[in-house]
Amino acid sequence: MSRSDVVRYGSFYLRLGAIGFGIGSMVYSGLEFGQHFTRETDCDDDLLVIRSATRMLLTLVQIKFIFLNNKDMKMGRYMPVARFGLMHMIATNVCEWLYVLVEETKHEIVHLSHYNMSAHSDHVGHVEHAEHAEHNVTMHNATGLHRPRRSELSCSRTNIVGILVQNASSYLYPCTIEYSLICAVTLYEMWKHIKTEEPRHHARHVCRQGMGSGFSLGGLRSAHHFSVDCHSAHTGLFGGILVLVLTIISLALFFVLRQEARYLQLAELQARFCEMTLYILSGLAALACLRKLGMLPRDTQKSHGRGLDNSLLVISQAGMYVYCIFSIIGFYYAKDTEVPGGMITEIIAITQTTAQTFLVLSTTGRRCRSTEDKRRKPGRQLVTFLLVANAAMWMVNTLEKGHAMFRPSHLEFFGAWHWIVITHVSMPLAIFYRFHSTICLFEIWKSAYKLKSENH
C-alpha cells in the first residue's frame, strides 16, 4: 500500500485538534503537579503528585499514537492483545473524563462556598452573633452550599500555584474532557475494525509493477497534500469575520462592564443580544445551505468514512441540548430575571444546533455532478460563514457560559450543587461541539465542490 492510499481514523484536522486539546490537558496536569509542592503541611496527598506526572506522560504517548494511527497498522497479528489494550485505553480515557469532571465540580463548589463565606464576613462584621447565624442559614438555603470545613479549605487550591490552577481550570479542564472524548471514540473505531491479518502472496509482484509503471518522484503526493480554492467564498469569509469581530467586542464589553455593579444588567443585556443575533444568523445560514447543498448527489464511496466525525458531532450535541434545556427551565421558573430574552436565546440556540447538525449529517459525502455545479459552487459562501461563526460561538461558550456564576438566577433556583454539576457536564461537550463543527464544515467546504473523478 502506498503512502497516499493510507486510510486514517478521523480527519487530519480532528487529529490536530486532539493534539491541541492534549497540550491543554498536559498544561492542566502540569499546574496540578506544581501546586503539590506549595501545599499546606497538613495535606497528605503524595500520591497525587505521581498521578499528575503519569497523566502527563500518558497524554503525550497517546497523542503520538492517535496522530499516527491508520487502518494499515499490523494489530491483526496479535488480536487478543490488541483488543484488550485498546479497550483498556478506552476505559482509561472514560475514567479520566469522569475523574476530572468530579474534581473540578468539587473544587468549584468549595471555592464558591468559600467566596460566599468571605463576602458574608465582610458584610456582617459589625452584626451580632445571632444575626450572623441567621444569615448563614438563609445563604445555605438559597445556594445549597455548606460552610466548608477548615481541612477542605487548607487542602484545596489556596496556595499560590493552587490559585492559578483555580483561575485557569475553567479554561483548561474542558481540554482534558474533549481530549478524552476524541481518544475514546477514535480508539473504539480502531477496536471495531481490528481484523485478522491475511497473508499477501502477491506483495512483491505488486511492488514491482508499481515501480515499473511510469513511477516518478514528480507524481508522488503526500497523504495530506491538498490545494485550497477560495473561489466563491470571499463574501462568506468577510461576513464571518465581521460577526467574529463584533463577538469579541461584546465579550470585552461584558467583562469590563460587569466589574461595576451598576453596569451589570447592561453587560448581560448586550451579551444576550449579541448571542441571540449570532444564533439567528447561523441558523438561517444553516437552513439556506442545507437547501442548496441538498441538490448535489451523494458519493457513497466518500461518505462511508465519516462515521467517526459524525459520531463525535452527535455525542457533543447532547451537551448543547442539556445546557439549553436546563437553562430554559431556569429562566422559566427563576424569580429575578431582570434581563429579558434569556429563554428565547436558548430556544434559538437549540434550533440552530439542530439545523447545523442536520446540515452536516445530510450533506457529508455530497459532490458536484457537473462542471456547472463546480463553477457555481452552491452554498459555499454559507459554509464559509458558518465556519467562522462557529469559532465565534466557541469563544462565547468558553469565555462566558463555561462559568456557573454566569447565570446567578440559575444558581439560586437549582442550587449551587445542581447547577455547577449541570454546567460542568454539559458545557465541555458544548464547547467541543463548536470546535468539531468547524472540522466537519471544513471537510464539506474542501471536498463538496470537486467532481467525483477528481476525488477518486
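## Ala184 and its surroundings

Leaving aside residues up to four places away in sequence, Ala184 touches Ile90 and Asn93, where contact means heavy atoms within 4.5 Å. This is a predicted model, in which local features need pLDDT of at least 70 and side-chain atom pairs count only at pLDDT 80 or more, whereas totals for chains, interfaces and linings use all residues. Residues are numbered from 1 along each chain as its sequence is written, and side-chain values use heavy atoms, with hydrogens and water left out.

Ala184 lies in helix H6, which covers residues 160-192; helices (H or I, at least four residues) and strands (E, at least two) are DSSP runs, numbered from the N terminus. With a relative accessibility of 11%, Ala184 counts as buried, the classes being buried under 20% relative accessible area, exposed over 50% and partly exposed in between (1.4 Å probe, protein chains only). Thr92 is 92 residues away from Ala184 along the chain, yet the C-alpha atoms of the two are separated by 8.5 Å.

## Chain overview and confidence

The chain contains 17 helices and zero strands, and of its 456 residues 46% count as buried. Among the contacts in the chain with a separation of 6 or more, 87% are accounted for by residues 24 or more positions apart.

The average pLDDT of the chain is 75, and 71% of the residues score at least 70; pLDDT is the predictor's confidence in each residue, from 0 to 100. Over residues 122-144 the pLDDT is below 50, and this stretch has 18 contacts in the model beyond near neighbours in sequence. Residues 146-154 also have pLDDT under 50, and for them the model has 19 contacts beyond four places in sequence.

## Annotated transmembrane regions

An unreviewed UniProt entry lists, as "transmembrane region", residues 12-28, 48-69, 237-257, 269-290, 311-333, 339-361, 382-399 and 419-442. The UniProt positions are given in the numbering used here, feature names are shortened, and annotations may be inferred rather than shown by experiment.

In the model, the span of residues 269-290 is 100% helix and 0% strand, with its end C-alpha atoms 32 Å apart. The span of residues 419-442 is likewise 100% helix and 0% strand, and its end C-alpha atoms lie 34 Å apart.

## Packing of H12 and H16

Two packed helices are described by the angle between their axes and the distance between the axes. Helix H12 (residues 342-363) packs with helix H16 (residues 416-447) at an angle of about 35 degrees, and their axes are 10 Å apart; axes are lines fitted to C-alpha atoms, for helices over the stretch in contact, and angles run from 0 to 180 degrees between N-to-C directions. The crossing of H12 and H16 is left-handed, a term used if the near helix is turned anticlockwise from the far one by less than a right angle, with right-handed used if clockwise.

On the H12 side the contact is made by Gln352, Thr353, Gln356, Thr357, Leu359, Val360 and Thr363, and on the H16 side by Tyr433, Arg434, Ser437, Cys440, Leu441 and Ile444. These contact residues divide into six nonpolar, six polar and one charged, where Ala, Val, Leu, Ile, Met, Phe, Trp, Tyr, Cys and Pro count as nonpolar, Asp, Glu, Lys and Arg as charged, and the others, Gly among them, as polar.

Thr345 also lies in helix H12 and, at 1% relative accessibility, counts as buried. Apart from residues up to four places away in sequence, Thr345 touches Arg272, Glu275, Met276 and Tyr279.

## Further residues in helices

Met56 is found in helix H2 (residues 46-68) and is partly exposed, with a relative accessible area of 23%. Beyond residues up to four places away in sequence, Met56 touches Met26, Ser29, Gly30 and Phe33, while the C-alpha atoms of Met56 and Gly22, 34 residues apart along the chain, are separated by 9.1 Å.

Thr235, in helix H8 (residues 234-257), is exposed, with a relative accessible area of 59%. Thr235 and Arg380 are 145 residues apart in sequence and 9.7 Å apart in space, C-alpha to C-alpha. Gln265 has its place in helix H9 (residues 264-293) and is partly exposed, with a relative accessible area of 42%; the C-alpha atoms of Gln265 and Phe254, 11 residues apart along the chain, are separated by 9.9 Å.
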